[in-house]
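Here is a friendly walk through one protein model, a few spots at a time. Keep the 3D view open and look up each place as it comes along.

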Amino acid sequence: MPASLGERLEELRREVERELAAADSPEDVEEIRVRTLGKKGALTREAKAIGALPAEERPGAGEVVNAVKNAIEASIETRRAALSDVALRARLAEEAVDATLPGRRRGQGANHPLSIVTSQLLETFRRMGFSVATGPEIESTWHNFEALNIPAGHPAREEMDTLYVDADHVLRTHTSPVQIRVMESQRPPVSIVCPGRVFRADDPDASHSPYFHQIEGLLVDEGISMAHLKWTLTEFVHQYFGPEVKVRLRPSYFPFTEPSAELDIACQVCGGGGCPSCKHSGWMELLGCGMVHPAVLEAVGYDSERWTGFAWGMGVERVAINKYGIPDIRMFFENDVRFLHRFRGR
Ligand SMILES: [Zn+2]
């Protein structure tokens with residue numbers, strides 16, 4: 001005797017329950033649903049077969065099929081929800097973020113000591129009325145030498161250990177060509193300071209580097225004398241190093257100034273009493289200076305009978321070495337963060 005509709009459906013329901021229990025993903029559940037309730041599903045086939053039954057049996061058969069269909073749908077939904085929940089929790093566990101871990105701290109930078117000293121020096125001269133001018137690092141030999149009263153064959157040209165780019169261009173050996181460029185483009189009065197990097201064919205050691213930084217100054221006007229030079233630079237030293245610091249001028253020689261001088265300040269290590277840093281002289285050389293040579297004024301088209309001026313130049317590294325007691329010029333360029341961090345917050 002063939003199994004009744006009710007028996008077949010009950011068997012189908014139990015089979016589906018077993019399969020659902022064995023399913024371990026929402027995709028498995030969907031596959032069971034299609035196989036059972038889909039267009040060609042097992043239960044759908046039973047429902048379609050009702051149409052072939054005698055008319056009086058159809059309502060009863062329909063009820064039985066609907067009851068089993070509802071039961072299976074409910075079981076499928078329950079299992080799908082349970083598996084989705086498990087999948088979600090597994091994903092959350094995998095992607096978990098521990099918000100209690102400390103963050104990765106980004107190191108805080110600091111200004112380079114040469115930048116600090118340069119901006120301090122420029123600020124001091126700005127307060128005194130000088131404006132800042134800059135120029136190219138690759139210069140014509142005219143701007144670097146001839147216009148500064150250093151003609152070809154002049155010994156100063158050899159002493160500078162110049163790096164040539166070609167026959168007519170050099171890596172500038174000083175920032176003085178900026179003074180020439182400003183005077184070529186501007187009538188007096190002129191009062192400028194020129195910061196920048198300069199280059200020499202020097203082998204690096206504790207006190208030499210193939211590149212270093214200068215700040216030069218220039219003032220040209222009517223009636224400017226050595227007295228203005230001395231007052232301006234003494235005032236600068238007192239503002240930058242302190243009002244009590246002693247200053248002296250020593251005669252010197254530069255091709256582009258006449259007369260020329262070196263300006264010394266009392267040793268910042270021993271205060272002037274004498275120590276190894278100042279070779280027991282009590283003095284430290286700070287800068288070179290002098291009255292602008294008439295040949296330089298004439299080279300830029302200024303009437304040297306009417307206009308006079310003074311100029312000076314200093315190495316930024318030397319100022320920083322004196323101010324912070326740094327023993328080796330190479331430390332400025334090695335980018336060792338232990339050294340650079342000493343200047344944080346300055
Ligand atoms: Zn000293």
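## A buried glutamate and its surroundings

Glutamate 262 has a side chain in polar contact with the side chain of serine 252, at 3.4 Å. A polar contact here is a pair of N or O atoms within 3.5 Å; within protein, one must be able to donate a hydrogen and the other to accept it, and residues adjacent in sequence count only if both atoms are side-chain atoms.

Before going on, a word on what you're looking at: this is a predicted model, where local features need pLDDT of at least 70, side-chain atom pairs count only at pLDDT 80 or more, and totals for chains, interfaces and linings use all residues. Residues are numbered from 1 along each chain as its sequence is written, and side-chain values use heavy atoms, with hydrogens and water left out.

Back to glutamate 262, which sits in strand β8, residues 257-266. Helices (H or I, at least four residues) and strands (E, at least two) are DSSP runs, numbered from the N terminus.

Not counting residues up to four places away in sequence, glutamate 262 touches several others, among them Arg248, Phe254, Glu285 and Leu287. Contact means heavy atoms within 4.5 Å.

Strand β8 also holds proline 259.

## The zinc site

Which residues hold the zinc ion as protein donors? They are Cys267, Cys270, Cys275 and Cys278, each through its SG atom, at 2.2 to 2.4 Å. Donors are N, O and S atoms within 2.8 Å of the metal (3.2 Å for Na, K and Ca); water is not among the atoms, so sites may look incomplete. Along the sequence, the donor residues follow the spacing C-x2-C-x4-C-x2-C. Cysteine 267 and cysteine 278 both lie in the loop between β8 and β9 (283-292), so the pair ties together parts that are 11 residues apart in sequence. Cysteine 267 and cysteine 278 are both buried.

The site is tetrahedral, with angles of 104 to 114 degrees among the four donor atoms. For reference, the ideal angle for four tetrahedral donors is 109.5 degrees.

Histidine 280 has its place in the loop between β8 and β9 too. Its phi is near 60 degrees, a positive value in a residue other than glycine.

## Two histidines in loops

Histidine 174 lies in the loop between β4 (169-171) and α8 (176-185). One polar atom of its side chain is 3.0 Å from the backbone oxygen of asparagine 144, and the side chain also makes a polar contact with that of serine 176, at 3.4 Å. Leaving aside neighbours within four places in sequence, its contacts include Leu148, Met160, Arg200 and Phe256.

Histidine 112 is in the loop between α4 and α5 (113-127). Its side chain reaches the backbone oxygen of phenylalanine 332 at 2.7 Å. Beyond four places in sequence, histidine 112 is in contact with Phe332 and Leu340.

Serine 75 belongs to helix α4, residues 58-94. Serine 75 and valine 16 are 59 residues apart in sequence and 8.7 Å apart in space, C-alpha to C-alpha. Apart from neighbours within four places, serine 75 is in contact with Glu17 and Leu20.

Asparagine 149, in the loop between α6 (141-144) and α7 (155-159), has a positive phi near 65 degrees. Another cis peptide bond runs from proline 188 to proline 189, with omega near 0 degrees, and proline 189 lies in the loop between α8 and β5 (190-199).

Here is how accessible some of these residues are:

| Residue | Relative accessible area | Class |
|---|---|---|
| Histidine 174 | 3% | buried |
| Serine 75 | 16% | buried |
| Asparagine 149 | 23% | partly exposed |
| Histidine 280 | 58% | exposed |

Technical notes. Four donors count as tetrahedral if all angles lie between 85 and 135 degrees; four count as square planar and six as octahedral if opposite donors are over 155 degrees apart and all others between 65 and 115; anything else is irregular. Buried means under 20% relative accessible area, exposed over 50%, partly exposed in between (1.4 Å probe, protein chains only).
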